[in-house]
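Work through the exercises below with the sequence and the coordinates open beside you.

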Amino acid sequence: MKTTLGWLKEHIDTDATLDTIVETLTRIGLEVEGVENPGAALAAFKVARVLSAAPHPQADKLQVLSIDAGDGPLQVVCGAPNARAGMLGVFGPAGAVVPSNGMVLKVAAIRGVESNGMMCSARELEVGEGHDGIIELPADAPVGMAYPDYAALNDPVIDINVLPNRPDCMGVRGIARDLAAAGLGTLKPLDAVYRMATLDPVDGPDAAPQVRTDDPEGCPSFFAQAVSGVTNGPAPAWMSSKLAAIGQKPISVLVDITNFLSIDLGRPLHVYDRAKLFGPLVARRAAVGESVLALNGKTYPLDPSMTVIADDSAVHDIGGIMGGEHSSVSESTTDVLIECAFFDPDHIARAGQKLALTSDARQRFERGVDPAFLDTGLAIATWLVTEHCGGTTSVITRAGQPPLGDKVVVYEPNLAETLGGLKIPHDRQLAILESLGFKVAFDWHVMVPTWRRDIDGPADLVEEVIRIEGIDRVPATPLPRTPGVAKPTATPAQALESRVRRAAAARGLNEAITWSFLSDAQAAAIGGGAWSLANPISEELKVMRPSLLPGLFAAAERNMKRGAPGVRLFELGRRYLAEGERATLGVVLAGENRPRGWQDGKATAFTAFDAKAEALALLAAAGAPVDNLQVMGEAGNAWHPGQSGTLRLGPKTVLAAFGMVHPLTLRAFDLDGPVAAVELYLDALPAKRATSFARAAYAPPVLQAVRRDFAFLVPEALAADTLVRAVKGADKASIVAARLFDVFVGTGVEPGHKSLGVEITLQPGEKSFTEADLKAVADKVVAAATKLGASLRG
Amino acid sequence: MTDLDQMKTDLLAAIDSAATLDALEAVRVSALGKAGSVTALLKTLGGMSPDERQVQGPRIQGLREAVTTAIATRKASLDRAELDARLASETLDMTLPAAAAPQGSVHPVSQVMDELAEIFADLGFAVATGPEIEDQWHNFTALNMPESHPARAMHDTFYLSPSPLRGEGRGEGASASVGVLGDPAQPLSPTLSLEGEREMYVLRTHTSPVQIRTMMGQQPPIRIIAPGRVYRSDWDATHTPMFHQIEGLVIDKGITLGHLKWTLETFLKAFFERDDIVLRLRPSYFPFTEPSAEVDVGWTMEKGRRTLGGSEGWMELLGSGMVHPRVIAACGLDPNEWQGFAFGVGVDRLAMLKYGMDDLRPFFEGDARWLKHYGFSALDVPTLSQGVGA
């Protein structure tokens, strides 16, 4: 919302400086986003009289002028055809900067004749379009006066961010009222502002226009007055200059009056050309299939949720949002109908959102205009029309009832301190509320002004008194410490995430944060997502990721494309499943694991076992019982069918998937393989049982452990882990560990088989093992292996 | 010079001149071996008379000891020489590079969230979370933003296409156990009569719905922060469609705007580790707080850069206010009994202000170079004793 300092001062009597006003506005919640002085750039330009004009001796199209800009005659060369003795114009002396082109004027010879500056055109000064000649000022313009002062261009434009709860401040008067309440001056009476004898509506001699509302919900009331015999033309300077200053293009006085009142009073109105209306004007719901050509030149399809203003022939207005082109006023308009209606804010908001159409009117109606201001708004509009366009007024038609009703808030002035934290004397609070238009009864029953739809509880009144008194004065009050012993404030899930994150970083992985959404194609590459956005910002960011890997693949691809030799990325975030969102860790290892080196020779790529190592290390960091996990297949279609697996706790609980990524998956992400990956399902981890701080007592074994090696010949398809588990379980009393240390295929091993070397660790209890003991254990080990089809190698 | 003396001299000379261990061994065998010269002399002792033995015994034994000692000494010397020679042959170029361990890193957003959790833990705030796919009741309605509220339109909301409702298990891969984040046990609004709102989920536009979930899930007093991802349909130099916020909520008896101010001051001073952080509160509007305050933080120019602290100028930092009575009531609490404050601040922005990134967009690109440059070591765990900043 823009206004100017001068415009504000039409409503408030104040001696305050611009700085004070700007500071105060921000302090009371009307944040000033910018102040611009359009005249600042023109300060050096002056009103000047052309004393004489003579032809230039060297050039046909130039004249040599003698001008007076208040300091006596100066010679100026000028090329404007309209330059002539006696006229008044605008002079730019040497040193002035021409706004349109940034040129610094200086004393210079033009075709051999000295020129001490320039007489300027409107376009050169950016004060208008005219460029056929120099600016011509009226004869009474005071010679020597700074041009911006003369042209009233020194009125600073103030841009205020009016928040959605303040419909009243969508009008200059509302802003002035707040400023007055903040102690910066006195709000002028409205009749004085408009120089009207009375603000009461006045019926005229013409017959009342036929208007009604058939949509009491969307348009509870529709007031109208007609004026016949008007002459449309340019708006008076005081009006058009204000509108121009805030960037509204003056159109014609009839249109400008409605625009002006919308900005001055926050009261949108509409003026129809009665010659283009047929029959009564009715507020009603749009019918299916109707559309309207709006004033912005676009056609909008309408639906029955929207309120429109229509006559017997057509829809003329998207109620409260934008007028129609067809019945708009023009230079030739003689009879007008002025609409002053109340549109329901929710209806306006919904219709505006549906149509994706913003307008000054919508902004005001959806915040809620003053329902008690219809008569006055109409009276002012009619008065301005007759004042500037002449004509005869009609009897006023008032269709429907605006939603009036006294709103009373029971206030407790101590709340300023107990809620707002600032002690404010009661009489001061009373004064603030009254200056804002509240009526306060002796028992603090506070009647809310009709223009403050946002106020409906005591907390709102606290805000009013605090913001005017100064929210910055609220003293900082320490929050008391919570009693008792400090407990961990992170939940176990958060602590877990934090541990896993730092474990991953400690293992050399780089934490990335990637979008939660993917393209359809990316999601499809890993089996598709359950959720997609109805209004994605782009097709690339559409499907909620069902896995963290696609985002990491895409990031890995970008890194590889930039020439990174190896990429180790991880992300900790959520995957989005149909039934909910789950904490997940993804790891992607692409490119080189180790670079080529003097020790190891060629660079090595990542393998499925690098992925497995990460999976196990991170699960260990997460506190998972790593020793009890089983490796199983079925990581899914996105993975290499022979080099991937899942880590499970029991047959059903999948804690992680790991391995090499399927080449077809990689192709979808434009990645050259091989790429290893891990996905850890943090939500599947068993919750840790609470234990006391004290550990179980520790007693180191008295006797030394014994190790024995076995080499078994097994069918190639037998999973090594199956054999190791069988071996370990062969004698639970003495075997404390079994570890695979060798896999061999080749000479000496028959085809279809492999040789597996397993080392077992035996821990004696109170007595050392005898040879017989060891033999017995070895026999059990061999027996257990034999069950799996293994045979002991000689 | 007796024979013995001559023999000793010869043997010691032979020992000294033995250049290798093998040569030394040959000398040892020739002297002390079974057929050695010293051994032979020792054998003669048995055939001597006691008197003679008393004279010759010590001499011959002395010879033996001298030779033995000399051999041991020479052996040690030869051993050392051989070791030295071996080590000399093993010399490597110690300027060769050692295998480099990959340099892992923690993302600045995670680091800052950890810092905030640490700072707020000291003030007694627990960490709470909620779902990112949120129903409109929690995201808007309960926060005093009824349907068609203009503020809803301001949020640039992402809507989700109608999808299978949660709880109808269609999960893939993972276990069916209850998630630790975004607990699906309470994803839906308690007022299921709001059919229209149930139909269309949104990506939460702020972390404020966690306020609602917390107030509905536990009795006051409440002190929480709620960090997490939030989403708005907005993408330019300073906005990304996904970003991070942290919400703060205190619900108790007798909480005022003054407590809010102190909490924000304390948190920002601790976060930026500067005592000269100055805040400026401005009245503002958020549907879910009343009174509401926009909080600006003061800056000064230091080394040509706007640095927080002092008050040469102001920058908008966060929104806050006293929780609106209607929000408290919507959560089933009595607003006459309980009151409190809430605030929300951008985590990415805090990270940028503290650690000097001037562009938001690389935060989510996963460029390993950026991650290593701006990321943090795994060991940079923010703690009060060692400092929350790194």
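**Exercise 1: domains**

Chain A is divided into domain 1 (2–37 + 156–188), domain 2 (40–150), domain 3 (211–400), domain 4 (408–468), domain 5 (492–684) and domain 6 (706–792), where the bounds come from an automatic or database domain assignment. The model is predicted, with local features requiring pLDDT of at least 70 and side-chain atom pairs counting only at pLDDT 80 or more, while totals for chains, interfaces and linings use all residues. Residues are numbered from 1 along each chain as its sequence is written, and chains are lettered from A and ligands numbered from 1 in the order in which they are written.

Task: state which separations between domain centres are computed for domains 2 and 5 of chain A and for domains 1 and 2 of chain B.

Solution: Taken over C-alpha atoms, the centres of domain 2 and domain 5 of chain A are 73 Å apart. For chain B, the assignment gives domain 1 (3–82) and domain 2 (108–161 + 182–374), and the centres of these two domains of chain B are separated by 93 Å.

**Exercise 2: the nonpolar cores**

Task: identify the residues that touch the most other members of the largest nonpolar core, and then follow the contacts of A:Ile338.

Solution: A nonpolar core is a set of buried Ala, Val, Leu, Ile, Met, Phe, Trp, Tyr and Cys residues joined through C-beta atoms within 7 Å; buried means that 20 or more other C-beta atoms lie within 10 Å of the residue's own, with C-beta atoms placed from the backbone. In the largest core, of 259 residues, A:Val336, A:Ile338, A:Val588 and A:Leu655 touch the most other members. Helix 10 (residues 374–389) of chain A supplies the largest share, nine residues, helices being DSSP runs of H or I with at least four residues and strands runs of E with at least two, numbered from the N terminus. Beyond its neighbours within four places in sequence, A:Ile338 has contacts (C-beta atoms within 7 Å) that include A:Val271, A:Leu378 and A:Val385.

**Exercise 3: helix 2 of chain A**

Task: list the buried residues of helix 2 of chain A and say which elements they pack against.

Solution: Within helix 2 (residues 18–27), the buried residues are A:Ile21, A:Leu25, A:Thr26 and A:Arg27. These residues pack against helix 1 (5–11), strand 3 (31–36), strand 11 (157–161) and helix 4 (172–181) of chain A, together with strand 6 (279–286) of chain B. Just after the helix, A:Gly29 takes a positive phi of about 100°.

Note on methods. Buried ≥ 20, exposed ≤ 12 C-beta atoms within 10 Å, placed from the backbone. Contact = placed C-beta atoms within 7 Å.
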